Amino acid sequence: MCGIIGYVGKMDAVAIILEGLKKLEYRGYDSAGLAVYNNGIQVVKQEGRLDALQARIDASPLTANMGIGHTRWATHGEPSDVNSHPHMGSQNKIAIVHNGIIENYKQLKEYLEQKGIVFASQTDSEVIAQLAEYYYEGDILDAVIHVVGRLEGSFALGIMCADNPDMFIAVKKDNPLIVGVSDHGQFIASDVPAVLKHTSNVYYLNDREIAVLRADEVEFLNFDKEPLAKTVETVTWSLDSAEKGGYPHFMLKEIMEQPKILKDTINTIISSGDNQEIIDGIDINKYNKIVMTACGSAYNAGVVAKYVFEQLCRVPVEVDLASEFRYKDAIIDEKTLVIIISQSGETADTIAAMREAKAKGAVTLAVVNVVGSTIAKEADYCLFTAAGPEIAVATTKAFSAQLVILYVLAVRFAAGYGKLSPTQEAGFLSEIAQLPEKVTEILEQLDGIQKYASTCVGYKSIFFIGRNIDYAIALEGSLKLKEISYIHSEAYAGGELKHGTISLIEDNTLVVAIANCERLFSKLMSNVEQVISRGAKVLLVSNHPDALPDEVTSCITLPLSGDLFSPSLSVIALQLFSYYVAANKGLDIDKPRNLAKSVTVE
Ligand code: G6P
């Protein structure tokens, strides 16, 4: 939610900031702006996509060796030029970019207004710039330390002062921020891909840490101005993984990468990888209950995993939306293992859920994609998905990687509980290891899926149905479709249709029926018959195509697999279907309206 970048060094800061913002645009795209030092602070900011800012800068080029930039996802104040970042104090001395929310901004604003300070925007963020100028007495670091002591809420900040042409300051509390170091200069960014072109060497800032950046050095301090020794880390993500590589959208590229991502992720957890060592260190018999909590697609991965865990481990598993879990006074204790699922490791509700679980004494195990993220750092155990950077807002490869980690966990825990013999355990692990090849087989059907999807752009509603674990993956199919195609969609358990949703089925409604659970196939086919007799068209996604009812003429055939791991195959077909429906509508697939990839506000 909002992306920030900053650079000081020998190279063209304007070009570096614009390039970095391009990589961060997935975090928000209501407006973009930058502030650079060139005979004082120059600010250019613009409502709309980054291209609009780029066009303004192309029309009146700027040069500088230091600056900060921002791409916005609006929270306080509508998307507009004036509400865009950077914000400056009224004396044009201090400029800031901010990711997060200042909860006490109204009180601070009133306080400053009483002193005669006039605000230009409706944002919470402007208060930071105004307050910094108010406290500034010639030392920007002192002013920043004074300001952060008064802020309540979350903030990752880049701060420049007109009196300091060769340095800027970064601060982190509850929102992600990294510092990148290279031989030509130093960076800050909300996320690693923004600096990968220049460096793989990064420091992950912790909460309540400050970085002071100059062209050839970075100093770290805490909020008491005491120096901190931090260790530089080397990022393994490649630059290619953050580029489109010839695909029209990141989403399609990321869908197509899945066989490799699954293989890499499985390698970390089955054949003696880092993840395997972590699982070996968990004594599952200490836990009599498992709770999973997450948001969005990661929550859907938890819903799928619940079926697998309960089937194999025979222990009760609850899955909660993190935004609900954090306020529900969950019944958990030290005998509960709470599994936190998050691609970014920075989703505010998921972080709060994790902290709530820890406060109640539960042990937390995170499944995360981003190394150095808050959840990765704070969870008791952390397993990393090897998905690489995921840029498209709608997740695909990270979701698939989460699923395989959760499958392996379920199998290993089931063995730990004594519910699987070594032979059964090996059998399940070998089934999981075959998934990447089966995913490739589905990707080979891309042309057929594309053709079918091109006939679906006119639907106003598309329903997804399934039973048991097929219902769980229907949730993800439906979410994927609605988030990128803007077609209304709901997922329903087949047996539940008759209790409400069937009243919405009329002539030419499309129902996507997912049917892999062998023992429930005929039950789901009865639901299919029910919707067909009310005029629906049906697309079947199934590994049982031979048993199709005559009226169903559209089918995506999946490779055979056991029920439990079939969601990893269904989801590939559902991702391609959604992608091509949206592509045929000509939509901005990688950046759907109103969404952001990393939701770091509540
Ligand atoms: C946003 C994204 C979703 C993602 C969810 C949770 O809503 O658009 O794709 O599933 O956040 O994100 P996380 O990083 O915690 O997995």
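In what order do the 5 strands of the open sheet with parallel pairing stand? The legends below begin with that sheet.

The model is predicted; local features need pLDDT of at least 70 and side-chain atom pairs count only at pLDDT 80 or more, while totals for chains, interfaces and linings use all residues. Residues are numbered from 1 along each chain as its sequence is written, and side-chain values use heavy atoms, with hydrogens and water left out.

**View 1. The open sheet of 5 parallel strands.** The order is S21-S20-S22-S23-S24. Helices (H or I, at least four residues) and strands (E, at least two) are DSSP runs, numbered from the N terminus; two strands pair if DSSP finds at least two bridges between them. Strand S21 (488-493) and strand S24 (554-557) each have a single partner strand, so one side of each lacks a neighbour in the sheet. Strands S20 (residues 461-466) and S22 (residues 510-515) run parallel and are joined by 4 bridges; Ile462 has Leu510 in S22 as its bridge partner.

View 2. Helix H18 (residues 521-532) lies across S20, S22 and strand S23 (537-542), at about 175° to S22. Axes are lines fitted to C-alpha atoms, for helices over the stretch in contact, and angles run from 0 to 180 degrees between N-to-C directions.

**View 3. The open sheet of 8 antiparallel strands.** Its order is S3-S2-S4-S1-S10-S9-S11-S14, with strand S3 (41-47) and strand S14 (233-234) at the edges. Strand S1 (residues 3-9) is joined to strand S4 (residues 66-72) by 6 bridges, and Gly6 stands opposite Ile68 in S4.

**View 4. The packing of helices H1 and H2.** Helix H1 (residues 13-24) packs against H2 at an angle of about 165°, with the axes 10 Å apart. This makes the two helices, H1 and H2, roughly antiparallel (angles over 145 degrees). Val14, Leu18, Leu21 and Lys22 in H1 meet residues of H2 including Leu50, Leu53 and Ile57, where contact means heavy atoms within 4.5 Å.

**View 5. The largest nonpolar core.** Such a core is a set of buried Ala, Val, Leu, Ile, Met, Phe, Trp, Tyr and Cys residues joined through side-chain atoms within 4.5 Å, buried meaning under 20% relative accessible area (1.4 Å probe, protein chains only). The largest has 132 residues, and Ile290, Phe413 and Ile432 are among those with the most contacts inside it. Helix H13 (residues 397-416) gives the most to this core, with 12 residues.

Conventions: Buried means under 20% relative accessible area, exposed over 50%, partly exposed in between (1.4 Å probe, protein chains only). Angles under 35 degrees count as roughly parallel, over 145 as roughly antiparallel, 65 to 115 as roughly perpendicular and the rest as oblique.
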